[in-house]
Amino acid sequence: MKKILVIGGGAMGSAFTIPCIENNNKVTITEPYSKTFIRDLSSKNKFHSSLKINLSKKLKFKDFSLGLLQEKFDLIVIALSLSGIDFIGEKLKELKIKTPMLVLTKGLKYEKKNNKILTISEQLKKNYKGMNISVLKGPCLAKELARKNQTSVIIANKNIKIAKQIGKQISTSYYLIDFSKDILGVEVCSSIKNIYSMIIGAGQSLNMSSSLFQKSIIEMQYLTKYFKGKESTTLGLAGVGDLYVSAAGGRNSKMGSYLGKGFTFKKAKKKFMPNDTIEGEQLVREIAPFILKKINKKRIPLMIKLINAILKNKKLNI
Ligand SMILES: NC(=O)c1ccc[n+]([C@@H]2O[C@H](COP(=O)([O-])OP(=O)(O)OC[C@H]3O[C@@H](n4cnc5c(N)ncnc54)[C@H](O)[C@@H]3O)[C@@H](O)[C@H]2O)c1
C-alpha cells in the first residue's frame, strides 16, 4: 500500500483516484483553486459535480497547504489544468521535494524571455532540477474512467524503471498502462492533439474529417520531431490514440465543427460554448508567437490556418 497525494480535484484528478484506491493505495486529494470542487470533495457523500458520481469513502480530502506538500507521500500527482501549473510550480519551488511526481496535465508553455516552448515537466524542473517527474497521458475521458470503462494510458520517464514502478501502483483490470522513455514526445503529442482535434472537427463530413485526420498526423509527426521527441511516439497512445478520442467527442472538436461551418471563434464561443474551456484555443494562443516565427509554415499548413483563424478571429478555410 502506497500513500498517494492528488493535487487537483477536477474531473481528471478525481477520476484518477478511483483506480488508485482500487489498487489498495491510501489516497488523499487536495484542491487549491475551485470552491466547487472543495465543496464536493469535503462533503459527506463526496458527490462530484462534474463526474456526477459519489467518490469512494476511502478517499481523504485535505485542504491545500505547503505543509500538506511536505507530508510523506510515495507519489504526488498533479492534475491541475494548464493555468494551474505556474501556481504549483511556484509552491514546489521552495520545497525541493524528491518524492516521485506524476503529471496528468496536458499542454505546453511559451517562455517569452528565451523564445522557447517548454513542456510541463521542463517548466516544473526549471524551478528545481532534482524533481523526479514522470508524465501520464493518453486517451482518457475522465467520466469514462470514473465509470471504470477500459482505459489505456501511457507513463513516460527517461528512467523506465520509475515509470513501471508507478504503473504497478496505479493500474487495474480496467486502467491499463503503457510505458515510454520519450517524455518529450509524449508531452508534445498529448498537447498538440487538442489543436488537431479542432481541425478534424472542422471537417463537414466523415470523408473530409478522415482526410484532415491523416494530414494532422503528418503535421504532428513533424512537430514532435522538431521539439526533439520521437516521431514514432505520434503513433502511440499519447498521439493518434488521444487524437481519436478528442476528435470523436470533445470540446475542441465541437468548437472545430462551428469553425468549419463558418463561424468565427468569438462568435461560436459566445453563441454555443460560453462556459466551456477550449484547451486547443488556449494552446494556440500560448504557442502561436513561437510557431509563427520559428517553424516552416509549409510543413504545418493546417495548424497555421487554425492559428490565423483564432488570432485574427477570421473564418477558417481548410
Ligand atoms: N493524463 C490524462 O489521462 C488526462 C485525461 C484527461 C484530462 N487530462 C488533463 O488534466 C487536466 C485537468 O483536466 P480536468 O478535466 O480535470 O479539468 P477540470 O476543469 O475538471 O479541473 C481543472 C483543475 O485545475 C484547477 N485549476 C484551474 N485553474 C487553476 C489555477 N489558475 N490555479 C490553480 N488551479 C487551477 C481546478 O481547480 C481543477 O482542480 C487538463 O490539463 C487535461 O488536459 C489528462
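Predicted model: local features only at pLDDT ≥ 70, side-chain atom pairs only at ≥ 80, totals over all residues.
Residues are numbered from 1 along each chain as its sequence is written. Local features need pLDDT of at least 70 and side-chain atom pairs count only at pLDDT 80 or more, totals for chains, interfaces and linings use all residues, and side-chain values use heavy atoms, with hydrogens and water left out.

**Exercise 1. The interface**

Describe the interface of domain 1 and domain 2 by its contacts, buried area and salt bridge.

Solution. Step one: 16 residues of domain 1 are in contact with 17 residues of domain 2, where contact means heavy atoms within 4.5 Å. Step two: about 1500 Å² is buried between the domains, and carbon and sulfur atoms give 67% of this area. Buried area is the accessible area (1.4 Å probe) that two parts lose on being put together, summed over both. Step three: the rule finds one salt bridge across the interface, a salt bridge being a side-chain nitrogen of Lys or Arg within 4 Å of a carboxyl oxygen of Asp or Glu. Step four: on the side of domain 1 that touches domain 2, the elements giving two or more residues are β8 (108–111), β9 (116–119) and β11 (151–156). Strands here are DSSP runs of E with at least two residues, and helices are runs of H or I with at least four, numbered from the N terminus.

**Exercise 2. Ser-121**

Is Ser-121 buried or exposed, and which residues does Ser-121 contact?

Solution. Step one: Ser-121 lies in helix α5 (residues 120–127). Step two: Ser-121 is buried because its relative accessibility is 7%, and buried means under 20% relative accessible area, exposed over 50%, partly exposed in between (1.4 Å probe, protein chains only). Step three: leaving aside neighbours within four places in sequence, Ser-121 contacts Ile-133, Val-135, Ile-183 and Glu-187. Step four: the C-alpha atoms of Ser-121 and Ile-133, twelve residues apart along the chain, are 6.5 Å apart.

**Exercise 3. Val-153**

Locate Val-153 and name residues that Val-153 touches.

Solution. Step one: Val-153 belongs to strand β11. Step two: Val-153 is buried, since its relative accessible area is 0%. Step three: not counting residues up to four places away in sequence, Val-153 touches several residues, including Leu-136, Tyr-175 and Leu-237.
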